[in-house]
Amino acid sequence: MAQETLPERSPAESTVTGTGTGGEPGAAIRPGWAARLGDGLRSGGRAGWPRTLLAVAAGLAMWLAFPPFDLTPAAPAGVALLTLTMRGLSARTGAWLGFVGGAAFFVPVLEGIGQIGPDAWIVLALVQALYFLPLGAGIAMVTRLRGWPVWTAALWIGEELIRGHVPFGGFPWARLAFSQTATPLTPYASVGGAPLVTFLTALIGGLLAYAAVAAHRARTAGTPARWRPLVPVAAALAVIAAIAGGGTLIPTPTSGRPVTVAVIQGNVPRLGLDFLGQRKAVLNNHVEATHELAARVRAGKVPKPELVVWPENASDLDPYTEPEAHTAIDAAVKDVGVPVLVGALTDTPDGEKVENRGIVWDPQSGPGDYYVKRHPVPFGEYLPFRDVLTTLITRFERIPRDFAKGTRSGVMQLGPVTIGDVICFEVAYDKEVRDVARGDLLVVQTNNATYGKTSLPPQQIAMSRLRAVEHGRTILVAATSGISAIVAPDGRMIDESREFVPDIQVETVPARTATTLSDRLGAAPEWTLAALGLGAIFAAAWTAARENEGN
């Protein structure tokens with residue numbers, strides 16, 4: 001990794017066209033606002049408002065790549081803008097611009113958290129933006145090396161790795177990969193998982209930035225053969241085309257053993273946090289929808305399913321201790337005549353905590369095997385520092401008891417197939433989904449009523465689409481109020497509900513047992529690419545130290 005060398009310019013030429021730290025040539029400038037803009041862009045040691053505005057624009061561009069907008073090319077475009085903004089700056093200034101770009105991205109992309117409260121939304125968004133501090137510093141450093149588009153892309157993997165693990169198990173929402181769930185990059189998920197899709201998205205962004213720099217050099221080169229400086233531009237664009245074309249050549253599965261499944265969306269009485277107090281009504285809605293499914297089967301309107309999936313929190317009444325809830329669920333399961341995966345909240349044996357369970361309910365034997373959510377939501381399903389926070393923020397009184405953490409994966413037998421169950425935002429975590437991908441079908445039980453009519457439910461569906469391709473599995477998404485969906489192993493949407501309406505989905509889908517290369521490689525691609533980025537930072541620091549010694 002050698003330091004990138006650039007043509008030298010005379011002081012007079014630099015005054016006209018500008019060359020900031022790192023050798024970025026600037027365009028010829030005119031007096032007035034254009035001159036100020038050029039001065040800001042060429043500032044090597046400070047951000048300046050032009051670069052700051054570009055960082056904001058980069059964050060907003062990345063936001064537009066995510067649902068509900070789905071302007072997927074905006075993700076690499078945003079990465080390119082952010083890279084150009086930081087290129088040639090000091091690590092400290094790059095860190096600041098990284099934070100600015102991160103805030104401009106996370107504030108709008110997490111707007112659904114505002115349903116809990118504007119303070120929770122802004123605090124979470126700014127905490128997430130903090131992870132862009134080391135990202136920005138790293139990009140500013142490694143863009144001084146040859147081949148910097150590769151190293152900047154690797155740094156994005158490191159950022160997402162840390163953000164997805166620290167603290168409290170991390171919060172891997174809004175990863176670059178989750179903006180690319182129906183693009184030529186999507187099939188790469190079956191090779192290296194979500195990390196590889198993020199890497200390639202960031203690499204395309206880095207190559208766009210490289211092409212922009214090379215094009216600017218060509219414009220200001222002043223050489224007799226002006227086409228020669230354009231060779232790097234053509235090379236960068238050719239690599240981008242090869243990456244996109246390569247994705248279309250990766251086969252994605254569509255076949256498997258046919259299984260008829262049903263997904264129930266019973267709906268909730270009304271939008272918002274208070275629906276949790278209407279526990280009986282929510283349960284009744286799912287019971288009635290299941291009876292309706294049974295009636296449609298008897299009338300010959302739909303084929304009889306071999307299994308049924310209810311969403312998370314379909315019953316907030318503990319069916320083990322509430323006879324009325326047990327009776328209602330059991331009657332619905334017997335009516336439809338096949339096993340039902342029931343989402344329910346139950347008490348732990350000591351009564352001190354709550355378990356978020358997916359329970360296999362058999363029409364003959366009743367409740368049997370179950371999965372307990374392994375990754376409860378911090379500050380939502382359990383409260384760190386409870387004694388301190390409850391005295392400072394009265395809203396936390398809504399969490400009177402912590403949710404217990406499950407200790408085993410959600411691989412269970414449900415009717416004729418083995419399912420891998422994850423609950424709610426666990427679908428964002430690579431490990432949680434990979435652990436259960438050995439099931440014939442994947443299931444996501446979720447409850448999005450609090451965040452209904454925001455960007456969060458469609459973003460969660462996008463994650464499920466990527467997971468389907470990553471593991472080559474049909475995914476059944478059951479949501480209390482929407483969006484429920486059935487996703488094919490190649491990421492196609494077979495069925496999709498609207499929000500805040502009852503819905504019954506019945507489809508025949510492929511059940512599969514074959515593993516993808518991503519399954520076999522596990523977390524290796526993520527850690528390898530993150531290590532590559534870290535190595536680039538060390539190389540950039542070592543090169544800079546040697547240059548300082550030489551001076």
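Visitor: Over which ring does the charged end of Arg408 sit?
Guide: This is a predicted model. In it, the distance from the charged end of Arg408 to the ring centre is 5.5 Å. The ring belongs to Tyr370.

Visitor: Which arginine lies over the face of Tyr370 at 3.5 Å from the ring centre?
Guide: A charge sits over a ring if CZ of Arg is within 6 Å of the centre and within 35 degrees of the ring normal. At 3.5 Å from the centre of Tyr370, the residue is Arg357.

Visitor: How are the rings of Phe106 and Phe132 arranged?
Guide: Their centres lie 5.5 Å apart. Planes over 60 degrees apart count as edge-to-face. Here the planes stand at 75 degrees, so the pair is edge-to-face.

Visitor: How many residues apart are Phe106 and Phe132?
Guide: Phe106 is in helix α5, residues 91–109. Phe132 is in helix α7, residues 132–142. The pair links distant parts of the chain, with a separation of 26 residues.

Visitor: Is Phe132 buried or exposed?
Guide: Buried means under 20% relative accessible area. Phe132 has 1%, so Phe132 is buried.

Visitor: Which residue joins Phe66, Phe105, Phe106 and Phe132 in a cluster of ring pairs?
Guide: Phe66, Phe105, Phe106 and Phe132 are linked through ring pairs. The cluster also takes in Trp156.

Visitor: How do α9 and α15 pack, parallel, antiparallel, perpendicular or oblique?
Guide: Helix α9 spans residues 189–220 and helix α15 residues 456–471. Their axes are 8 Å apart, at an angle of about 140 degrees.

Visitor: How many residues of the contact of α9 with α15 are nonpolar?
Guide: From α9 come Ala189, Ser190, Gly193, Ala194 and Val197; they meet Leu466, Arg467, Val469 and Glu470 in α15. Two of the contact residues are polar and two are charged. The nonpolar count is five.

Visitor: What is omega for the cis peptide bond that joins Gly482 and Ile483?
Guide: Ile483 is found in the loop between β9 and β10. Another cis bond joins Val166 and Pro167, with omega about -10 degrees. For Gly482 and Ile483, omega is about 5 degrees.

Visitor: Is Lys453 buried or exposed?
Guide: Lys453 lies in the loop between β8 and α15. Its phi is positive, about 65 degrees, although Lys453 is not a glycine. Exposed means over 50% relative accessible area. Lys453 has 58%, so Lys453 is exposed.

How values were computed: Residues numbered from 1 in each chain as written. Predicted model: local features only at pLDDT ≥ 70, side-chain atom pairs only at ≥ 80, totals over all residues. Heavy atoms only, no water. Axes fitted to C-alpha atoms, helices over the stretch in contact; angles between N-to-C directions. Helix = DSSP H or I, 4+ residues; strand = E, 2+ residues; numbered from the N terminus. Contact = heavy atoms within 4.5 Å. Nonpolar A, V, L, I, M, F, W, Y, C, P; charged D, E, K, R; others polar. Phe/Tyr/Trp six-rings, centres within 6.5 Å; stacked < 30°, edge-to-face > 60°. Buried < 20%, exposed > 50% of the residue type's maximum accessible area, 1.4 Å probe, protein only.
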